[in-house]
Amino acid sequence: MITTAPSRAQKLALTGLFLSVFLAMLDAQVVATALPRVAAEFGGTGAYAWVTTAYLLAGSVTAPVHGKLGDVFGRKRVLLGALALFLLGSLACGLAPSAGLLIAGRVLQGAGSGGLFVSVGASLGEMFTPREGAKYFGWFSICFAVASLAGPVVGGLLTGVAGWRSIFLVNLPLGLLAVVLLKNLELPRRRKDAPFDFAGVVLLGVTITGFTLLTPWSITLGAAAGVVFVLVERRAKAPVLPLRLFRDRTFTVSVVLSVLAGFAFLGSINYVAVFLQADAGPAEGGLRLVPMTIAVAVSSAVASRIIARTGHYRWAPRLSMTLGLLAVLGLTMAHGLPLVLGCLVVFGLAAGLNLQVLGMATQNTAPAADRGAVAAGVNLARALGSALGPVALGFAYRAGTHGVFLALLPVLALALVTAFALPHIPLRNHH
């Protein structure tokens, strides 16, 4: 385990880790600008929403599976397997002769991305003590911010220069570079003799899908599957998401906060983008998002440095939700572009303060055998909030973007109250 400055080999491994997760994050953003070209080539169909949804949904469903597999068989094997699955999906998308096969390729990509998010976070938990790893967790948020900013731009450039298939095929050389770099990753090898929880995986997948689709029949099915999932997990010998984790208040509070943060900060971004394009085109509207995106990266990096130096993290989600409330309150009353952009910068600062802090907190209290399951639980909660946000806020959008901002106020208020329930457990200097 690393207790001093990383060696050259460890730095190469870290580069491979962050390149992997950056590619997964980028592919969630890069497709939007290419969809018109895809629709033109395949004749246009209403199924193209699934090009994005299939990726996000597959990532959410498979994240706990990858986390559990990593806990059982070792993190490096599962990480490389997830990267291979992501690259296979990228190749399938790049060569897809029809819309149906393109969507199938996106499912493969998404299944790989779910493993990358979870495995990279859990790998950092094994490489570093919680205190040492704090600054590296901050790179997660920076990767997210850069991918969010670069995604539409890269997608537009590649589509215009080399065609829409290039946005998928470009993953292949970069992904292979990540594989080479990850050869330097040294993590404990292990294998536990435990049955795999197939029933739990299926039920969790149905539950997530049901609540993500948010139709009356899907919610009913998802709720029923969720109840059965809890009953099955209580008796499973090796549950995919151990319910005992919820006995840890840090984990439980972090899961609730992740849902609320995903809903407020990630689930609202599409409406913010529409709001900024109201009196401008897509290009200028995208440029107006740049200050907020930079604020996300800056606040995350600064917070990670402070947490690594002090070992204290509880202040970050509290400040995050406070700033988020103030920013949204300002947006409900703001007039004029400078004031709106100022409020969005504060909103970005708020978002960056909690993106990876909750992952740090849960890794700090997690048993070594459950690091993957804990990382998967937090990522799953954030993904659910991110998926629920756009749908739920869509009802408020009937009153315009002002209605969306008003709807965010009680969500952020609840998140602030929840943040004060997070226990004070300083980051450990040992494993």
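Predicted model: local features only at pLDDT ≥ 70, side-chain atom pairs only at ≥ 80, totals over all residues.
Aromatic side chains are considered first. A pair of aromatic rings is described by the distance of the centres and the angle of the planes. In this model, 6 aromatic pairs are found. In one of them, formed by Phe-128 and Tyr-136, the ring centres are 4.3 Å apart and the planes make an angle of 20°, so this pair is classed as stacked. A second pair, Phe-275 with Phe-405, has ring centres 5.5 Å apart and planes at 85°, so the arrangement is edge-to-face. Since Phe-275 belongs to helix H12 (residues 269-276) and Phe-405 to helix H19 (residues 401-419), this pair ties together parts of the chain that are 130 residues apart in sequence. Phe-275 is partly exposed, its relative accessible area being 27%, whereas Phe-405 is buried at 4%. Ring pairs also join Phe-42, Trp-164 and Phe-168 into a cluster.

Because Asp-27 lies in helix H1 (residues 8-29) and Arg-106 in helix H5 (residues 99-127), the pair ties together parts that are 79 residues apart in sequence. Asp-27 and Arg-106 are both buried.

Another salt bridge is that of Glu-41 and Arg-165, where the distance from N to O is 2.8 Å. Here, too, distant parts of the chain are linked, given that Glu-41 is in helix H2 (residues 35-42) and Arg-165 in the loop between helix H6 (130-162) and H7, 124 residues apart. Glu-41, at 44% relative accessibility, counts as partly exposed, and Arg-165 is likewise partly exposed, with a relative accessible area of 23%.

The side chains of Arg-75 and Glu-126 also meet in a salt bridge, at 3.2 Å from N to O. Arg-75 is located in helix H4 (residues 75-95) and Glu-126 in helix H5, so that distant parts of the chain, 51 residues apart, are linked by the pair. A relative accessibility of 1% means that Arg-75 counts as buried, and Glu-126 is buried with a relative accessible area of 1%. This pair is part of a network, in which salt bridges with shared partners join Asp-71, Arg-75 and Glu-126.

The covering of a whole helix can be examined in the case of helix H17 (residues 357-365), which is mostly covered, 8 of its 9 residues being buried. The buried residues of H17 are Val-357, Leu-358, Gly-359, Met-360, Ala-361, Thr-362, Gln-363 and Asn-364.

Leu-169 is part of helix H7 (residues 166-169) and, at 31% relative accessibility, counts as partly exposed. When residues up to four places away in sequence are set aside, Leu-169 touches Ser-90, Leu-91 and Gly-94. Between the C-alpha atoms of Leu-169 and Leu-95 the separation is 8.6 Å, although these residues stand 74 residues apart along the chain.

Open space within the model was examined last. Rolling a probe the size of a water molecule over the atoms shows where empty space is left. The second largest pocket holds about 340 Å³ of space. Its lining is made up of 18 residues, among which Leu-204, Thr-207, Leu-241, Leu-380 and Leu-384 lie nearest the centre of the pocket. Two or more residues of this lining are given by each of helix H9 (198-213), helix H10 (216-235), helix H11 (249-266) and helix H18 (371-396). H18 makes the greatest contribution to the lining of the second largest pocket, with 5 residues. When the lining residues are sorted by class, 15 are nonpolar, 3 are polar and none is charged.

Notes. Residues numbered from 1 in each chain as written. Heavy atoms only, no water. Phe/Tyr/Trp six-rings, centres within 6.5 Å; stacked < 30°, edge-to-face > 60°. Helix = DSSP H or I, 4+ residues; strand = E, 2+ residues; numbered from the N terminus. Buried < 20%, exposed > 50% of the residue type's maximum accessible area, 1.4 Å probe, protein only. Contact = heavy atoms within 4.5 Å. Salt bridge = Lys/Arg side-chain N within 4 Å of Asp/Glu carboxyl O. 1 Å grid on protein atoms, 1.4 Å probe; cavity = no way out; pocket = protein on both sides within 12 Å on 5 of 7 lines; lining within 4 Å. Points joined across faces, edges and corners; volume = space filled by probe spheres on them. Nonpolar A, V, L, I, M, F, W, Y, C, P; charged D, E, K, R; others polar.
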